[in-house]
Amino acid sequence: MTVRKINELKPPMDARSCWNALTLHCNQTEALTMRQLFASDDHRFQRYSLEAAGLFLDYSKNRLTDETLQSLLQLARASGLEDKRAAMRDGQKINTTEHRAVLHTALRRPWSEALVVDGRDVMPDIRDVLLRLRAFTDKVRNGEWRGHSGLMITDVVHIGIGGSDLGPRFACEALTTYRHECLRVHFVANVDAHDLHTVLTDLVPASTLFVIASKTFITMETMMNAHTARTWCLDNDVPEAELHRHFAAVSTNLEGVRAFGIDVDNMFPLWDWVGGRYSLWSAIGVPIALQCGMDVFMELLAGAHAMDEHFFNAPLEANMPVLLALIGIWNANFLGARTVSIAPYHQHLQLLGNHLQQLDMESNGKSVNLDGFSLTRSSGPVIWGQAGTNGQHAYFQWLHQGTEWAPVDFVAVIRPTHSSHLHHEALLANCFAQSEALMKGKSLDEVSTELRTAGRSAEEIDRLAPHKVFPGNRPSNTILLPYLDPFHLGALIALYEHKVFVQGAIWGVNSFDQWGVELGKVLAVKIQKEMAANQVNPDSHHDASTQGLIERALRLGA
């Protein structure tokens with residue numbers, strides 16, 4: 001289909017009116033600072049914060065007023081958000097390009113609640129998979145499941161990529177304190193064999209279990225790693241007839257799994273209404289259950305469900321994912337922020353930015369709306385960041401004094417699992433101080449006064465003061481978890497999932513397909529065949545750059 005021209009795009013008149021009103025409001029409030037907003041409202045923090053599913057959100061440090069929020073809420077309603085939210089909840093096929101329902105929320109629903117999709121209640125199937133997961137993970141964890149030589153399983157290697165890797169990898173890292181004392185879980189995703197070989201170096205095949213996570217069981221990177229792992233086992237005296245003791249799969253491809261040599265009893269199914277980046281709640285989450293136990297995994301689901309209930313039922317004005325999404329749209333589409341920084345102040349949340357990067361950018365990194373028209377405004381900002389306080393010594397210089405700016409989501413945990421309270425006090429102090437510094441900044445007059453008080457000369461003040469000025473008025477949100485436990489982790493992940501959905505609904509894009517990953521894959525297959533044949537196929541019609549790169553790699557022995 002040819003992408004339609006920008007000037008053919010005709011969004012609903014009421015939505016267009018809301019965008020125009022917000023643009024006018026943005027221009028009218030351009031000179032307003034957050035310092036002024038806090039000074040004029042003693043209750044701003046109380047009014048611009050809320051709690052849901054055990055999480056606390058402070059969004060008071062944003063450049064917005066009551067009028068801003070009301071206009072954003074009008075935009076949400078004019079965009080049909082409430083109907084779209086209900087359609088997702090009820091299993092309607094809102095993934096229109098693939099004609100699929102979007103039901104990752106069903107994976108964390110209570111089993112007693114029926115949910116009919118295409119004439120079939122999906123909840124019994126979900127329950128059956130979870131029960132099978134419990135039986136499987138219990139056997140591995142308690143030593144009943146053993147390798148071909150009778151050794152207990154000591155290492156699990158999860159092989160996937162994208163959503164089949166990032167979600168469970170992040171959750172396992174976040175829930176480190178819940179891990180099994182005798183079972184190590186490893187992750188391999190990159191087709192670069194350095195990834196797999198680094199993991200295998202210290203492992204013993206006889207006590208290693210591989211979990212191959214691929215919905216289709218044909219994903220190139222995953223299957224190449226899987227076959228290399230299979231060969232490694234065979235080369236290290238695992239009998240082919242005993243491979244089933246060392247491999248399990250999460251897939252829909254029964255025949256592919258069987259042909260690989262995996263017992264289909266060790267295969268856990270997925271459904272087409274579970275997208276990869278939303279799949280950690282499904283059997284893709286098996287490494288979480290293996291590392292932490294099935295009870296922990298069920299608590300993770302419970303926390304996500306609590307956020308689901310809040311999102312589906314709370315009014316938009318008091319809805320945490322909705323408000324987080326609307327503030328993001330205000331920052332991106334009206335104030336001009338092109339990126340969002342994620343700053344988790346907890347070492348075990350260090351992969352949060354990685355997970356959210358895929359969740360957000362693969363979902364809303366689109367330039368075409370649901371009707372095939374080109375978008376007239378930006379969508380899907382760049383997501384980036386790393387754990388605090390490390391980030392303060394890396395990119396925070398740019399956040400505070402760069403020529404561009406980015407809103408920041410600070411994520412912190414109130415109560416640690418360690419006993420080094422001085423460390424934790426310092427950690428939280430830094431988190432809260434950074435959001436305050438971004439909001440307040442420091443003016444030239446304030447800097448000059450400080451330097452003068454410190455006894456600096458007039459000449460030194462003139463020289464140094466401009467370098468010490470902080471523009472301030474840079475927005476941030478702060479999300480607080482009481483504990484980093486499975487329940488609150490589940491709620492946190494679900495919060496961002498729903499935020500992404502809301503923004504996609506307002507931008508009018510399909511947040512649940514990912515066609516942008518296809519072209520590179522197709523071209524890679526062609527190039528890989530040429531490299532295997534040690535010559536460039538003239539019928540491939542590569543551009544001069546690509547052809548030159550292939551030829552150089554072949555010449556130098558790739």
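1. Let's start with a term: a salt bridge is a side-chain nitrogen of Lys or Arg within 4 Å of a carboxyl oxygen of Asp or Glu.

2. Before going on, some ground rules. This is a predicted model, in which local features need pLDDT of at least 70 and side-chain atom pairs count only at pLDDT 80 or more, while totals for chains, interfaces and linings use all residues. Residues are numbered from 1 along each chain as its sequence is written, and side-chain values use heavy atoms, with hydrogens and water left out.

3. How many salt bridges does the structure hold? There are 25. In one of them, the side chains of Arg89 and Asp90 come together at 2.9 Å, N to O. Arg89 is partly exposed, with a relative accessible area of 27%, and Asp90 is partly exposed at 36%. Elsewhere, a network of salt bridges links Asp41, Arg47 and Asp66.

4. A word on the labels: helices (H or I, at least four residues) and strands (E, at least two) are DSSP runs, numbered from the N terminus.

5. Now for the largest pocket, which has a volume of about 1200 Å³. Of the 45 residues lining this pocket, Thr219, Gln514, Val517, Glu518 and Lys521 are the closest to its centre. Two or more lining residues come from each of α7 (163–174), α9 (220–235), α14 (352–364) and α20 (518–533). Which element gives the largest share? That is α20, with 6 residues.

6. How is that pocket found? The search uses a 1 Å grid over the protein atoms alone, and a pocket is an open set of points with protein on both sides within 12 Å along at least five of seven lines, while a cavity is a set of points where a 1.4 Å probe fits but cannot get out; lining residues have an atom within 4 Å of a point. Grid points are joined across faces, edges and corners, and the volume is the space filled by probe spheres set on the points.

7. What is the lining made of, by class? The lining of the largest pocket has 19 nonpolar, 16 polar and 10 charged residues. In this count, Ala, Val, Leu, Ile, Met, Phe, Trp, Tyr, Cys and Pro are nonpolar, Asp, Glu, Lys and Arg are charged, and the others, Gly among them, are polar.

8. Most residues other than glycine have a negative phi, and most peptide bonds are trans. Asp118 has a positive phi, near 55 degrees, and is not a glycine. Asp118 lies in the loop between β3 (116–117) and β4 (120–121) and is exposed, at 62% relative accessibility. His541 also has a positive phi, about 55 degrees, although it is not a glycine. You'll find His541 in the loop between α20 and α21 (544–555), and it is exposed, with a relative accessible area of 66%. As for peptide bonds, a cis one joins Gly388 and Thr389, with omega about 10 degrees. Thr389 is in the loop between β11 and α15 (396–401).

9. Finally, two isoleucines to click on. Ile284 lies in the loop between β9 (267–268) and α11 (286–292) and is buried, at 0% relative accessibility. The C-alpha atoms of Ile284 and Asp165 are separated by 8.3 Å, with the two residues 119 apart along the chain. Ile126 belongs to helix α6 (residues 123–142) and is buried at 2% relative accessibility.

Methods
Buried < 20%, exposed > 50% of the residue type's maximum accessible area, 1.4 Å probe, protein only.
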